[in-house]
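Here are my notes on the model you sent. Please read them with the structure open.

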Amino acid sequence: MDELGARAAALAARHPRHARLRRVGTSRAGSPLLLLSVGHGSRQVLVVAGPHANEPVGGATALRLAERAVADPRLTEGADATWNLLLCVDPDGLRRNEGWLTGPYTLGRYARNFFRPGFLEQPEWLPDGPDRATLPETRTLLALQDELRPFLQCSLHGVDVGGGFVELTHDLPGLAQRIAHTAARLGIPRELGAYDTLYWPDLGPAVYRIPPPRRGDLTAAITEAAVDSTWCHPRRHGTVTAVVEAPMWGVAAVADASSPADRDAVLRTVSRTLRHDTRRLHRVLARLRPHLADVPEAAHLLAPVDDYLLVCPRLADAWDPDTDDGTGRSLPPMNTSHLVALRLAGRRLSLRTAGLLHQLVTRTGGDPAGVLSEVDRLVDEGCADYRDGCAAHWIPVGRQVEYQTRVVLAAFELAGRRVGTGSRAGDPDRDAEAALPLHHD
């Protein structure tokens, strides 16, 4: 986190005519929320890095975008644009991931040092609407959106295991083709059936339409992104939001659009595995919880554990072809990529929970509940399934960053065409061609 701020300050110092760095807010723990701006155009771009604490690639992408905007006037003066890059919207959560951020990048090290806050502590979500947002990080982001009225907002996310994809509030025709080209050049698998978007409309391969938010219970909100969010809040300004997902460990099978040989058999296995792991995790937590009263940070680690264990049974029922989950909704048509994504998602939930429990055990200063061996088995089994069963392979950070950078630049070009070169930021009614560069290399 400190390195991000230092590198941004150094860039602003090297290019004082083009770049500036300012503090726009303060996190719950007192960390500065820093905005790096490049250019002086009237049309604003907002890039939000670090919305999920375990997804660090966005910070490096934001710095690379700043460097490119400084070096290429077509991205600023030529497009009448200003790039506003929020370096990390959850710096407190990012710091809690520092146990794996420096490497070596192995699945086991990642899992045992993983942190992501509970659902209600994630700054992009607005479960009670924008007027009742309580997190200072969320309020800072909402204020920026209303101040800048950006024509494009890019939220930079990272898939821990899987492939790359994009979620959009408005269609950007041509983006799917740009993503396909970039992914092929960089060896990034495209996720053609993302778990997050199972019930969302497709706008093209690996591009999905974010549906309008609706009220629902907590489990529906977590599993379907069914509540209001800072992705949708700036629609009032004509903003296009692109949520850009870049994978850390790639799985080639997420790009397999073939018809599965036996869909229901796979779904039964995925559901059964998730239920089995959930029961094991519940037993571990029941034994461990009485020993956590004096453990530092226990509340921060328990919140996501409780969230995951709340949604796991619901998901297992929703995916099981033999179970009525009570929603009255059937599964959509599914290809092989969808089934692979559900397998990865089920394993992700149990592995994250096991990793958080591992940290809770180690912070007790021993193993007072006698559960460490079981937690280690859960972690090792999950990592082996990813590594050996799904052929997950680490994607070097430089390629993750370059992929995300190119997707953002493609969205910038296409969103710029949508509102027109001469329009004011946030004016959705103007429509002319924008001569913006496309970076293929």
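1. **Ground rules.** Helices (H or I, at least four residues) and strands (E, at least two) are DSSP runs, numbered from the N terminus. This is a predicted model, in which local features need pLDDT of at least 70, side-chain atom pairs count only at pLDDT 80 or more, and totals for chains, interfaces and linings use all residues. Residues are numbered from 1 along each chain as its sequence is written, and side-chain values use heavy atoms, with hydrogens and water left out.

2. **The annotated stretch.** UniProt, in an unreviewed entry, lists residues 9–96 as "domain: Peptidase M14". UniProt positions are given in the numbering used here, feature names are shortened, and annotations may be inferred rather than shown by experiment. Over residues 9–96 the chain is 30% helix and 32% strand. The end C-alpha atoms of that stretch are 23 Å apart.

3. **Overall build.** The protein chain has 13 helices and twelve strands. Its radius of gyration is 21 Å, close to the 22 Å that the globule rule gives for 441 residues, so the chain is as compact as a globular protein of that length. The radius is taken over C-alpha atoms, and the rule is 2.2 Å times the number of residues to the power 0.38. Along the principal axes, the C-alpha atoms fill a box of roughly 60 × 50 × 40 Å.

4. Of the 441 residues, 58% are buried. Buried means under 20% relative accessible area, exposed over 50%, and partly exposed in between (1.4 Å probe, protein chains only). Contact means heavy atoms within 4.5 Å. Take the contacts between residues at least 6 apart in sequence: 80% join residues at least 24 apart.

5. **Surface and charge.** The protein chain exposes about 16800 Å², and carbon and sulfur atoms supply 51% of it. Areas come from the Shrake-Rupley method with a 1.4 Å probe; for residues, only the protein chains shown count as cover. There are 51 positive and 54 negative side chains, and the centres of the two sets lie 3 Å apart. Lys and Arg count as positive, Asp and Glu as negative; His and the chain ends are not counted. Each charge is placed at NZ of Lys, CZ of Arg, CG of Asp or CD of Glu.

6. **Arg280.** Buried or exposed? Arg280 is buried, at a relative accessible area of 8%. Arg280 belongs to helix H9 (residues 263–288). Leaving out residues up to four places away in sequence, Arg280 touches Glu374, Arg377, Leu378 and Glu381.

7. **Gly174 and Ala180.** Gly174 sits in the loop between strand E7 (165–168) and helix H7 (175–186). Ala180 is in helix H7. Gly174 is partly exposed at 26% relative accessible area, and Ala180 is partly exposed at 25%. Ala180 and Ala133 are 47 residues apart in sequence and 37 Å apart in space, C-alpha to C-alpha.

8. **Backbone points to check.** A cis peptide bond joins Gly103 and Pro104, with omega about 0 degrees. Pro104 lies in the loop between helix H4 (98–101) and helix H5 (107–113). Ala206 is not a glycine, yet its phi is positive, near 65 degrees. Ala206 is found between strand E8 (202–204) and strand E9 (207–209), in the loop, and is buried at 1% relative accessible area. Ala391 also has a positive phi, about 55 degrees, although it is not a glycine. Its loop runs between helix H12 (372–389) and strand E12 (393–394).
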